Protein chains: 2
Amino acid sequence: MERLTIGRLAQKTGLGRETIRYYERRGLISPPPRSASGYRDYPQEAIGVLGFIKGAQALGFTLREVAELQALIGESKAVCGDMRDRALLKLEDIETKIKRLRSIRQSLKKIIKACPGKGPLSECSIVVGLEGADKKS
Amino acid sequence: MERLTIGRLAQKTGLGRETIRYYERRGLISPPPRSASGYRDYPQEAIGVLGFIKGAQALGFTLREVAELQALIGESKAVCGDMRDRALLKLEDIETKIKRLRSIRQSLKKIIKACPGKGPLSECSIVVGLEGADKKS
DNA sequence: ATACACCCTGTACCCCGGTACAGGGTCAAG
DNA sequence: CTTGACCCTGTACCGGGGTACAGGGTGTAT
């Protein structure tokens, strides 16, 4: 039976070898047992743990937050509602980001519309509109 | 007539002194003349240049991109349409980010809905749903 | 036995946008 | 003439998420 080396784990999870070692340094995955020659020898569960990290990341959680989620999972008295609270906070976080981006989008659309699209930059509403503009040139 | 020192410029623009020096290091603002004692002595135009940077940043441009915009402004044959192209690219960029965030938001909402909110974490759909989950505990 | 792929550690580097010193010099008010 | 607020340079650090070596050891197939 082939041992689950870091390379194979990387292949199975779609992560890079370096990334997995990086996660270990950050405490996101527990250091696996080592073979006689010092190679990391992962248990099958490691695949799931990395899947959890990837999944949480895909939901917008930072690695630091992923570590917090894992700590939560480690606490015996933690309740399902605790997890939901984290998700709700993250949802608010995401909503805020969306709002900011929408506002940026509106501003961009406005200046694009105002731009004649022809003529020298010196008369460009985008350039001029950006407060005072760059008079270096 | 008071000279425009870095501190006063910082006050007028709402930026930090360190930030202004940082912009100078990054080549976003040209090094100003110095007083006899080596103090930076900014021309009034500097306020506008910093305003341009702030404005472009508020539109979602990174500092690197701001530098590119400035380079564009410096080119005599640059046309207004060039600037509009940049803005259009940035708009796409922002749209993409919004789409990604919206997708994250949807996923978050889904798992929040699925979560019972009560009971131990081991049965939490959020935990279990995240591919294999963390079996460390 | 030799090549080649893989593993190890440690450190440095990348983008991004700053912030925070330390260890000096200077300027203006009292 | 001293005190305090300002200025200078240079370097290191923050958070975020990695990537890329260098300089070694190992594992396996031919």
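The residues of the surface near DNA strand C divide into 6 nonpolar, 7 polar and 7 charged. Ala, Val, Leu, Ile, Met, Phe, Trp, Tyr, Cys and Pro count as nonpolar; Asp, Glu, Lys and Arg count as charged; the others, Gly among them, count as polar. The model is predicted: local features need pLDDT of at least 70, side-chain atom pairs count only at pLDDT 80 or more, and totals for chains, interfaces and linings use all residues. Residues are numbered from 1 along each chain as its sequence is written, chains are lettered from A and ligands numbered from 1 in the order in which they are written, and side-chain values use heavy atoms, with hydrogens and water left out.

DNA strand C is surrounded by 20 residues, the closest being G7(A), R21(A), T19(B), S37(B) and Q57(B). A residue is near the strand if one of its heavy atoms lies within 4 Å of it.

Polar contacts are pairs of N or O atoms within 3.5 Å. A polar side-chain atom of S37(B) lies 2.4 Å from a phosphate oxygen of DNA strand C. For a backbone N or O atom of L63(B), the distance to a phosphate oxygen is 2.9 Å. A side-chain N or O atom of Y22(B) is 3.3 Å from a base nitrogen.

Chain A can be laid on chain B by a turn of 180° and a shift of 0.0 Å along the axis, with an RMSD of 0.2 Å. This is the relation of a two-fold axis. The superposition is by least squares on C-alpha atoms of residues with pLDDT of at least 70 in both copies.

Definitions and conventions
A polar contact is a pair of N or O atoms within 3.5 Å; within protein, one must be able to donate a hydrogen and the other to accept it, and residues adjacent in sequence count only if both atoms are side-chain atoms.
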